[in-house]
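Here are my notes on this model, point by point. Please read them with the coordinates open.

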Amino acid sequence: MPMTVTPFRLAAFATLFAFLVIVFGAFVRLSNAGLSCPDWPTCYGKATWPGHAQEIARANEAFPERPFETHKAWREQVHRMLAGTLGTLVFALALVAAWPRRAQVAALLAAALAAAIGIALYIKGLYVASALLSALALALPLGAAATLRRSWPWRVAVAAFGVVIVQAMLGMWTVTLLLKPIVVMGHLLGGLLTFSLLAAIAIALVRRGAPDDAQRRLRPMVIVALALLSLQIALGGWTSANYAALACGADFPTCAGSWWPQTDFHEGFVLWRGIGVNYEGGVLDAAARAAIQIAHRIGALVVFGHVSATAILAWRRGLRANAALVGALLCTQVALGILNVKLLLPLPVATAHNGVAALLLFSLIALLVRVSPHGATVKD
């Protein structure tokens, strides 16, 4: 008997797929393959990537500044294909959430069309028209979500399509703006936001008992934990985008043999440096990169303290499964961060550090839904 595709199953599958895209995207970025396809959305002009000797020769002739590397190009293009598949899944979930309300369904279809035309115009160099259509493509799902008369998971599902559209734009700008750190960090956060929204929908669609008064009082603390973790993930993205992960060498808990080495926080946190700079490999000096690394370490201490306290309180208030998951993932994430430094950023450890960050985010979202009064059941 074939399995019925329910909204929960679609949301759960999309959540798992989003996690796959995040981990594979980290693998691509950390293996320095982010610019291995110099054009977008094609790779050296092909929907896949050059495979035969003649195709490789033509690719190298067309892009002499970026010689073709098979072991990198396939990673980048497969990541784009996975991201496109995720976008289709989110679009399908949004349509399910909006169906059969004609106005909201029409808004989603119009948003998809506007996004596609906007991307085509950007590729042709018509940036103003592209920006206007992209803004429309974002506004339509958000407007549809705001006017949808259904409970919050369905509205979030519709709004998530707008997030995916922005994420597609950030993926395009990551290549065309040559790994600009603010764009790379934004692309990471956009992926995690997409994953978080899908996770919240899937968790909310599962029936569970209502929280008691003591558990509901945990909600503000969990929200703060999510906010702090999000800021720490942004710092991690900024660290990676500026190639500052090894700014202290293999030294931990000190940095380059000192508790406070020479730092330049002002230069390390300049968000915008203009157009045309190639950021592959980083452009900052040692002091600026050390400042970024130290900020990330301080952030880790703050997050560890608050999230640990949240997990302990959740355990004491009867949410032992949630608390154990949060605590285990938190300790794993800290251990992976230390190993990244001590082992000089091995690719498997660095990729796992990104994946566990997403799982820790998921565990806190699950805890938030569990302690929220409206998380007990979801009604149309």
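How many disulfides does the structure hold? It holds two, a disulfide being a pair of cysteine sulfur atoms within 2.5 Å.

This is a predicted model: local features need pLDDT of at least 70, side-chain atom pairs count only at pLDDT 80 or more, and totals for chains, interfaces and linings use all residues. Residues are numbered from 1 along each chain as its sequence is written, and side-chain values use heavy atoms, with hydrogens and water left out.

1. First disulfide. Cys37 pairs with Cys43, with 2.0 Å between the sulfur atoms. The torsion about the S-S bond is -75 degrees, a left-handed link. Cys37 and Cys43 are buried. Buried means under 20% relative accessible area, exposed over 50%, and partly exposed in between (1.4 Å probe, protein chains only).

2. Cys248 is bonded to Cys255, S to S 1.9 Å. This link is left-handed too, with -85 degrees about the S-S bond. Cys248 and Cys255 are both buried. Counting bonded cysteines along the chain, the pattern is 1-2, 3-4. Separately, Cys331 has a relative accessible area of 47%, so Cys331 is partly exposed.

3. Cis peptides. Trp40 and Pro41 are joined by a cis peptide bond, omega about 5 degrees. Pro41 sits in the loop between helix H1 (7–30) and helix H2 (53–62). Helices here are DSSP runs (H or I, at least four residues), numbered from the N terminus. Phe252 and Pro253 are also joined by a cis bond, with omega about 10 degrees. Pro253 belongs to the loop between H9 and helix H10 (265–268).

4. Positive phi. Most residues other than glycine have a negative phi, and most peptide bonds are trans. Leu179 has a positive phi of about 60 degrees. Its loop runs between helix H6 (152–176) and helix H7 (181–204). Leu179 is at 9% relative accessibility and therefore counts as buried. Leu344 also has a positive phi, near 60 degrees. Leu344 lies between helix H12 (320–342) and H13, in a loop. Its relative accessible area is 47%, so Leu344 is partly exposed.

5. Nonpolar core. The largest core has 87 residues, and Val158 and Phe161 touch the most other members. Helix H13 (residues 347–371) supplies the largest share, 13 residues. Such a core is a set of buried Ala, Val, Leu, Ile, Met, Phe, Trp, Tyr and Cys residues joined through side-chain atoms within 4.5 Å. Contact means heavy atoms within 4.5 Å.

6. Ala145. This residue lies in helix H5 (residues 127–147). Its relative accessible area is 7%, so Ala145 is buried. With the sequence exclusion of up to four places, Ala145 touches Arg155, Val158 and Ala159.

7. H3 and H4. Helix H3 (residues 70–98) packs on helix H4 (residues 102–123) at about 160 degrees, axes 9 Å apart. H3 is therefore roughly antiparallel to H4, a term for angles over 145 degrees. Axes are lines fitted to C-alpha atoms, for helices over the stretch in contact, and angles run from 0 to 180 degrees between N-to-C directions. At the contact, residues including Phe91 and Leu95 in H3 meet residues including Val105 and Leu109 in H4.

Conventions
Helices (H or I, at least four residues) and strands (E, at least two) are DSSP runs, numbered from the N terminus. Angles under 35 degrees count as roughly parallel, over 145 as roughly antiparallel, 65 to 115 as roughly perpendicular and the rest as oblique.
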